[in-house]
Amino acid sequence: MAAATTMAAAARELVLRAGASDMEEEEGPLGPGVQEPLQLGELDITCDEFILDEVDVHIQANLEDELVKEALKTGVDLRHYSKQVELELQQIEQKSIRDYIQESENIASLHNQITACDAVLEPRFLEQLQELDAKAAAVREQEARGTAACADVRGVLDRLRIKAVTKIREFILQKIYSFRKPMTNYQIPQTALLKYRFFYQFLLGNERATAKEIRDEYVETLSKIYLSYYRSYLGRLMKVQYEEVAEKDDLMGVEDTAKKGFFSKPSLRSRNTIFTLGTRGAVISPTELEAPILVPHTAQRGEQRYPFEALFRSQHYALLDNSCREYLFICEFFVVSGPAAHDLFHAVMGRTLTMTLKHLESYLADCYDAIAVFLCIHIVLRFRNIAAKRDVPALDRYWEQVLALLWPRFELILEMNVQSVRSTDPQRLGGLDTRPHYITRRYAEFSSALVSINQTIPNERTMQLLGQLQVEVENFVLRVAAEFSSRKEQLVFLINNYDMMLGVLMERAADDSKEVESFQQLLNARTQEFIEELLSPPFGGLVAFVKEAEALIERGQAERLRGEEARVTQLIRGFGSSWKSSVESLSQDVMRSFTNFRNGTSIIQGALTQ
């Protein structure tokens, strides 16, 4: 009976434990809700394996029980017997709960007493250890002076030192080994270790070999833990990236209606989104930059997807936060600073940093999203500043390595877009009209995105690359305009495109930026030319006379105008009879020609002023 009860209770406990493990969500080392199995070498330990192993042990132990053997021999119905045992267990459990409630105050009091006792014992041991350390130092000092009495206490001190070292070694190693348990938030025991940092200092002063053993064990354990967690987190993180990403043919100058292969799947996105910032820039805002990291399994349950820069931010914020904490712990617990702290930090985090760099290098090899790469650059620049404010220089080299991967890829993608615009043949673009072209619209969105991001932390190299792209776009606009037969149509096309690009740029870029200033000058020049072209048919004679008269007056020959009385009279009569209908026709023509109502109104006002 007792053995069966034991077996049933053990099984019940394991079932409850398994259920609890599925229901509870502990806080992992990468943040709340991030749970990763610990992988050390080829070993992948999970809770299920532990449960199955324990079940096997209990079953085997109880099968060897004499009462169980007897029950099996006599053919007792174990199902009925199990139900009876289960009922008895429930009754016992209910009785135990009532007893526990009745004795809850006493139990709480006992817990407080035990806790207080432990607290008293820990300061007492620390005090005795500090006293032993001080006496050992005093004896060493006297020995150096040749004091003969030191020999009388040397043996006692050595025995006490060996005993203290043994206990400290066992204690600290046990703390380090506790990091290895599956689903463990290693930050909790790591923080607890800081309370005992004098233990390590004692080892440094009295048994350096043991101190080195503990340091090496810590490095080996934590390096594997970090590598396991980050490898698993990174793999799961990439599963919530957008399914549709930029490809090598998604360039600014590629024809918008380009057909793909027969077997290619239909695109689920508009190619224009590759050149548009939208809300993506929020990833470098102060609120988003240090927001809680993404939890992959939560995102998958909600069917959420993210652009690469959001995943990059989450991954590197976790890396930044944990690296800063690790560096400060190393400096404080292991009593190191400067190059020694730097070397010890990289012994712990080196494998993890190398793994993340290799992953980034592999991803960038097939990345054609310039905005994503540029946002990642600015994320790194900001995280580098945060690490500097936290006084953690250990990541400086890593940030430089990441930037050394991001900058060349960004420049390459930008140069690919420049080349695509340069090689675009207007005659292959199909039917043209005077509305803004999709290539210039892409450029406006793309350029304004990069300019607005770059304004936060200016970089001259970025402006140079955008300058090259702007030159090619201006040349492209002129090439397309040349395809129109009349000068009026050419001017309408140029004005529409310059106005559109200027409007998009002014939404994000500063008013005094080079791009805004350049397109404003081009727009003003072509608008003035169009106004003259517009006024020429109905008012050409009057305009010509005014220009001639102004020229004569400037040269001091105003008396020559006296002979133009008949011409002036004819011009005035013609103007008086037709100006209303001409102005109305002019207004209608302008409003039909220009896509921007405000721009059209401005041109009409300019024409009337002229």
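This is a predicted model: local features need pLDDT of at least 70, side-chain atom pairs count only at pLDDT 80 or more; totals for chains, interfaces and linings use all residues.
**Figure 1. Helix α16, a mostly covered helix.** Of the 17 residues in α16, 14 are buried, where buried means under 20% relative accessible area, exposed means over 50%, and partly exposed lies in between (1.4 Å probe, protein chains only). This helix runs over residues 438-454, and at 1.5 Å a residue it should span 24 Å; its end C-alpha atoms are 24 Å apart, which agrees. The expected span is 1.5 Å times one less than the number of residues in the helix. Helices (H or I, at least four residues) and strands (E, at least two) are DSSP runs, numbered from the N terminus.

Figure 2. Residues are numbered from 1 along each chain as its sequence is written, and side-chain values use heavy atoms, with hydrogens and water left out. The chain holds 21 helices and 2 strands. Buried residues make up 39% of its 610 residues. Its accessible surface comes to about 34,000 Å², and carbon and sulfur atoms hold 54% of that; such areas come from the Shrake-Rupley method with a 1.4 Å probe, and for residues only the protein chains shown count as cover.

**Figure 3. Where to read the model with care.** The mean pLDDT of the chain is 78, and 72% of its residues reach 70 or more; pLDDT is the predictor's confidence in each residue, from 0 to 100. Over residues 258-271 the pLDDT is below 50, and this stretch has 14 contacts in the model beyond near neighbours in sequence. Residues 1-51 stay under 50 as well, with 83 contacts beyond four places in sequence. Contact means heavy atoms within 4.5 Å. Among the chain's contacts with a separation of 6 or more, 78% are between residues 24 or more positions apart.

Figure 4. A search of the whole structure finds 25 aromatic pairs. Rings of Phe, Tyr and Trp (its six-membered ring) pair if their centres lie within 6.5 Å; planes under 30 degrees apart count as stacked, over 60 as edge-to-face and the rest as tilted. Phe 374 and Phe 410 have ring centres 4.7 Å apart and planes at 15 degrees, so this pair is stacked. The two belong to distant parts of the chain, 36 residues apart: Phe 374 is in helix α14 (residues 370-389) and Phe 410 in helix α15 (residues 396-422). Both Phe 374 and Phe 410 are buried. Elsewhere, ring pairs join Phe 179, Tyr 200, Tyr 218, Phe 329, Phe 333 and Phe 334 into a cluster.

**Figure 5. A charge over a ring.** The charged end of Arg 409 sits over the ring of Tyr 368, 5.0 Å from its centre. A charge sits over a ring if NZ of Lys or CZ of Arg is within 6 Å of the ring centre and within 35 degrees of the ring normal.

**Figure 6. His 316 and its partners.** Find His 316 in helix α12 (residues 308-333). It is buried, with a relative accessible area of 2%. Not counting residues up to four places away in sequence, His 316 touches Phe 383, Tyr 398, Trp 399 and Val 402.

**Figure 7. Two loop residues with positive phi.** Val 335 is in the loop between α12 and α13 (338-364), and its phi is near 55 degrees, a positive value in a residue other than glycine. At 45% relative accessibility, Val 335 counts as partly exposed. Asp 391, in the loop between α14 and α15, has a positive phi of about 60 degrees although it is not a glycine. Asp 391 is exposed, with a relative accessible area of 57%.

**Figure 8. Glu 515 and the residues around it.** Glu 515 lies in helix α19 (residues 514-554) and is buried, with a relative accessible area of 3%. Leaving aside neighbours within four places in sequence, the contacts of Glu 515 include Tyr 443, Ser 447 and Val 451.

**Figure 9. Thr 434 and Ser 593.** Thr 434 is in the loop between α15 and α16, and at 18% relative accessibility it counts as buried. Neighbours within four places in sequence aside, Thr 434 is in contact with Phe 484, Glu 489, Val 492, Phe 493, Asn 496 and Ser 593.
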